[in-house]
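Keep the structure open beside you as you read.

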Amino acid sequence: MDEAISAAEANRAFSRLLREVREEGRTFVVTSHGKPVAKLVPCGAAEAGREAARAKLLARLARQPATDVGRWTRDELYER
């Protein structure tokens, strides 16, 4: 679960936050005026999430049938 932390507090305790992310795998959402603006996560977690999203997208695209719309000219494509 992400722990919310204000930008001011994150600035004051940045080294500690990095240590907790690296050593304990914790994640933090940095907020400014109560709104989320950034997320501190372990590097591997972010990469794993991107890879999972990519695999899901490719699987979805593989299930969709290709549509034959015929040939078109460059002018038709860009409607000059």
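H33 sits in the loop between β2 and β3, where helices (H or I, at least four residues) and strands (E, at least two) are DSSP runs numbered from the N terminus. A word on the source before we go on: this is a predicted model, in which local features need pLDDT of at least 70, side-chain atom pairs count only at pLDDT 80 or more, and totals for chains, interfaces and linings use all residues. Residues are numbered from 1 along each chain as its sequence is written, and side-chain values use heavy atoms, with hydrogens and water left out.

H33 is exposed, with a relative accessible area of 81%; here buried means under 20% relative accessible area, exposed over 50%, and partly exposed in between (1.4 Å probe, protein chains only). The phi of H33 is near 55°, a positive value in a residue other than glycine. The turn that holds H33 belongs to a hairpin of β2 and β3, with 2 residues between the strands.

Now follow the chain back into strand β2, residues 28–32, where 4 of the 5 residues are buried. What are the partners of this strand? On one side, β2 runs parallel to strand β1 (residues 3–6), joined by 4 bridges; two strands count as paired if DSSP finds at least two bridges between them. On the β3 side (residues 35–40), the pairing is antiparallel, over 5 bridges. V30 illustrates both pairings: I5 stands opposite V30, and in β3 the bridge partner of V30 is A38.

T31, also in strand β2, has P36 as its bridge partner in β3. With a relative accessible area of 17%, T31 is buried. Leaving aside neighbours within four places in sequence, T31 is in contact (heavy atoms within 4.5 Å) with A4, I5, S6, A7, P36 and V37.

I5 and V30 turn up again in the largest nonpolar core, whose 7 residues are I5, A10, L17, V21, F28, V30 and L40. Such a core is a set of buried Ala, Val, Leu, Ile, Met, Phe, Trp, Tyr and Cys residues joined through side-chain atoms within 4.5 Å. Helix α2 (14–24) and strand β2 each supply at least two residues of this core. A10 touches I5, L17 and V30, not counting residues up to four places away in sequence.

Let's turn to the charged side chains. The whole structure has 7 salt bridges, each a side-chain nitrogen of Lys or Arg within 4 Å of a carboxyl oxygen of Asp or Glu. One of them links K39 and D2 at 3.0 Å, N to O. Because K39 lies in strand β3 and D2 in the segment before β1, this pair ties together parts that are 37 residues apart in sequence. D2 is partly exposed at 36% relative accessibility.

E20 has two salt-bridge partners to look at. The side chain of E20 meets R16 at 2.9 Å, N to O; both residues lie in helix α2, 4 residues apart, about one turn of the helix. E20 also meets R26, at 2.6 Å, N to O. Salt bridges that share partners join E3, E9, R12, R16, E20 and R26 into one network. Within it, E20 is buried at 11% relative accessibility, whereas R16 is partly exposed at 33%.
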